[in-house]
Structure formats: C-alpha cells, structure tokens
Amino acid sequence: MQELIERAKALLADGTVSRVLGWRATDTPFGPEPAFFESGEELNEFVYNCFCGANLSKYLIESSALEGKTLAFLKPCDTYSFNQLCKEHRIDRGKTYIIGVGCKGKITVERLHELGIKGILDVEDAGDTLTVKTLYGEKSCPYSDAMLERCHACKGKEHRVADEVIGESADTTDTDRFAKVTELEQMTSKERYAFFQAELSKCIRCNACRNVCPVCNCRKCVFDGNAFDSVQKANATEFEEKMFHIIRAFHVAGRCTDCGECSRVCPQGIPLHLLNRKLIKDMDAFYGEYQAGEDTSTVSPLTAYTEHDIEPEAGKGGNE
Amino acid sequence: MSIDDRDFRPVIAAFCCNWCSYAGADLAGSSRMKYPAEVKIIRVPCSCRVNPMFILRTFEKGADGVILCGCHPGDCHYSTGNYYTRRRMASLISLMEFVGLERGRVRVEWVSAAEGAKFAETMNEFVEHIRALGKNTRLEDLRCKN
Ligand code: SF4
Ligand code: SF4
Ligand code: SF4
C-alpha cells in the first residue's frame, strides 16, 4: 500500500497526473470507498486492502471531462470494464494513467457475517488466514471463505491494460462461473420460477446494481423516465420485479464484463450475476466465445450478425 | 378440461413489420383465411423496432402471449434489421425462460408478404398453444386488470 501511495505522490508532484482515483478509509475497517485525491496530503487517507472490491473504472467517465490526466488504480477484473468503456467511447484513454494493482481476491463483510463473525473491530490479513478482532474476542477464518463470489470465478490476474503494474497477485479461481446457471437450467421451469420469485422479491429497487455497474452508464436511463411506472420506488408487483431485472440484465448483454459489482453491492444479496451469466453463456454458445472488455476492438455479439445465425426458438432457457 | 379453461380467451399481441408480415396478415384477410380474433396486431416499421421493453410492457398490460413477425432474414426492407432482431430475441427469449416464463409464450416467426396462409396457420397454432398454457400469471402486473 505504501508503495502505491509513494508512486501516486510522485506522479502528482511531477505533473504527470492531476488527480488520483483510489480508495479512502472510512470509519469502518471493512468499508473503504472510492475517492479522488488531489494532493499528496490527501493521499495519506488512501488505502488498498482486502476490502477494496469496488471497481473504479466507472468514475473515469466523469474525470475524462476534466482537465489533465487521472491516475487510477485498477485490479485485473477492473481493467476489463475500463477497456469496455474505452471501446464505447465513454473514457478517454489519453486522459488516464493506469496502475494495475495486484489482487489476491477481495473479501466482503457480508461473508464474514454469514460465517458468524460479528461486531468487527479490525481485520488482519495474514496470507491464507484472516484474523478478525471483534467485540467478542478474536476470530479467524480461511481467507478464501470470506471472498466475494466473483473472486472464486476470477477471469485471471492479467491486467488487460496498464501503464505499469505494482504488487503481486495470487490465483483465486476455484469454481466454474457457469455452474449455477447450468444447475438452474436443469430445473423445471416451475422450479426456476419459484427460485427467481424468491430471490427477486427481495429487491427494494434501490438501483444500486444499476448505479454501480460500469456499463450501465446511459445519460438517461429507462428506469428514470416518467413514462415508466416503477421509477425509483419499490417494486409494487411481481411483474415489476421481473421487468426491472430482465431489462437491466438485457441492457448490458454483450457488454457486461462479469465484473461482479452488481451482486457485490446488492443490499439484499440477490445473485444478479446469474442473469448476466445466463446471457453470457448463451451468447458464447450461439455465436462463439466472447469476453467483453478483453480488448478495445472486438465487436459485441449483439451488435453483429451473420446470415446463418441460430433462430430465436423456445427451449434455450432451460428445461420445461 | 374445466369450464374455466374452455372459456379462456387469451389476449395475444402480434408485432408485425410493415413490409412483410403486416402485408401477410392483409393477404390472409383478403383471401378470407381464418385466424382467431384474440390476435391483436401491432404494426411496427421493422421487427428490429421491437425493443425488449415492448414485449415486457405488453405482458404488463395483460397479454398472455406475444408473437413477433418480420420479413425472412435476408429480405428485410432495411437490409439488416431482422438479423439484429434474430440475435436480440434469441437472447431475450432464453433469458425469459430462464427466469421461469413458460416455454413458447414469446415467439418469433418470419412471414413474408406473400405468405398469407403461413400467417393464418401460425396464428391459429400460437393461439392454441397459449390456450393450452393458460393465463399468464408468471409475468403480469396485477394493477392493470381494471
Ligand atoms: S475478480 Fe479476480 S481480480 Fe477481481 S477482485 Fe476478485 S480476485 Fe481480484
Ligand atoms: S441492488 Fe439489489 S435491491 Fe437494489 S435494485 Fe438492485 S437488485 Fe434490487
Ligand atoms: S452487470 Fe454486473 S457484472 Fe456485468 S458489468 Fe455490470 S456490474 Fe459488472
């Protein structure tokens, strides 16, 4: 972490960049938040630790409009989102300076709570084990048990774009990201209905999943229009639950990098990644494998076509 | 089959592109071919105009089945519109089934201006299928029933 701060201070001091985008400590040990830093002094509040899951690429849209370059720290998965946004002309690559940061998986306080670790005062990350100081004494657990779902299905630790890379990464991938999707496909339609009904009914329409998503960046979102009945309020019916979620997932189809931010921020713990991954899995099967954000030139499957594509027939969503 | 089921008259929305399928529907009509009155046709300039939101909104407003008809791939009036429709709808239909919608409640069919018979046949078959599925309860907005 100190190395990152020193480097950022140096780049600010020599005028290469005008501001730094990173994470700042908040009053809880488990809640660093994205922040811009404009001076060496402000950088003393900078943190980079096991809780820095937040993907910073979306903030670069805003800073692309400002004077001077912005230094951003990106984890391997964040670089996919960054590329995707460059591809969509939302970020000006020339206005950025990217430092790739090493990642050994990010953890979340929700997982710690699920493991029964509450009243957290401080977290110490010592390699493979986490030691947590709580109101009720010291607890510990294996690091990977507290990790975000997305880190278990990490796309790899290579930075897809970076001006320089600082820090070491460790492999965390230990599950197939499509396993749960396949499992759901094998259920009956009625069982899937019940599953999603139970999950989506928890939604409070806080819109956090939309707001955090790097590729959900339309200036005017359909969910903000007055013509739409379910603007900025809790879903009144089960129809709205599904409409919001189907449309949200569909609007990012072919652009979603599977960065996992939507599922991470959902206060209700709804597994939104299942919808995104279903779309990704389908497009891979229908049109060949495609990873959004892998580079800045390939064309998304939904903005392309061939003369002999598969027909939109029933039966691809799962068993009857 | 209970009495209720026998009396069930589904509401079917058919989005038809102006250049092929709408003309196909016209031909079916002028050739006196029968297709069920449950089918409500909505004319669109191109099948590609149909935003996924249209389909969901149609269900919200009480439809039991939605069918989207356009020119055969390769025959689009705007050259490539229906190629995009095809990709978009393949993903959308799959996603809707994935969240639990019954198979076949949303359908895409290519009908040319010369295929009046195919239009009538498709509609007859689709209405039968929706009648067998019954009312749409998995995706409906309760407030829209008066
Ligand atoms: S998905 Fe991979 S790169 Fe991203 S935070 Fe998790 S482990 Fe790190
Ligand atoms: S973050 Fe979760 S609760 Fe909020 S709108 Fe999205 S799915 Fe609903
Ligand atoms: S939909 Fe979710 S996983 Fe996909 S890009 Fe947006 S936040 Fe990331």
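Predicted model: local features only at pLDDT ≥ 70, side-chain atom pairs only at ≥ 80, totals over all residues.
Helices are DSSP runs of H or I with at least four residues, numbered from the N terminus. Ala, Val, Leu, Ile, Met, Phe, Trp, Tyr, Cys and Pro count as nonpolar; Asp, Glu, Lys and Arg count as charged; the others, Gly among them, count as polar.

Residues are numbered from 1 along each chain as its sequence is written, while chains are lettered from A and ligands numbered from 1 in the order in which they are written. Local features need pLDDT of at least 70, side-chain atom pairs count only at pLDDT 80 or more, and totals for chains, interfaces and linings use all residues; side-chain values use heavy atoms, without hydrogens or water.

Helix 9 of chain A spans residues 238-251. Its 14 residues reach 20 Å from first to last C-alpha, close to the 20 Å expected at 1.5 Å a residue, where the expected span is 1.5 Å times one less than the number of residues. Helix 9 is mostly covered, with 12 of its 14 residues buried, that is, under 20% relative accessible area (1.4 Å probe, protein chains only). Among the buried residues are Phe239(A), Met243(A), Phe244(A) and Arg248(A).

Arg248(A) also belongs to the surroundings of ligand 3. Cys213(A), Cys256(A), Cys259(A) and Cys262(A) are among the other residues there. The shell around ligand 3 has six nonpolar, three polar and three charged residues.

Chain A is divided into domain 1 (1-105 + 152-175), domain 2 (109-146) and domain 3 (176-320), with bounds from an automatic or database domain assignment. The C-alpha centres of domains 2 and 3 are separated by 32 Å.

Five cavities of 30 Å³ or more are found in the whole structure. A cavity is a set of points, on a 1 Å grid over the protein atoms alone, where a 1.4 Å probe fits but cannot get out; lining residues have an atom within 4 Å of a point.

Note on methods. 1 Å grid on protein atoms, 1.4 Å probe; cavity = no way out; pocket = protein on both sides within 12 Å on 5 of 7 lines; lining within 4 Å. Points joined across faces, edges and corners; volume = space filled by probe spheres on them. Near = heavy atom within 4 Å. Helix = DSSP H or I, 4+ residues; strand = E, 2+ residues; numbered from the N terminus. Buried < 20%, exposed > 50% of the residue type's maximum accessible area, 1.4 Å probe, protein only.
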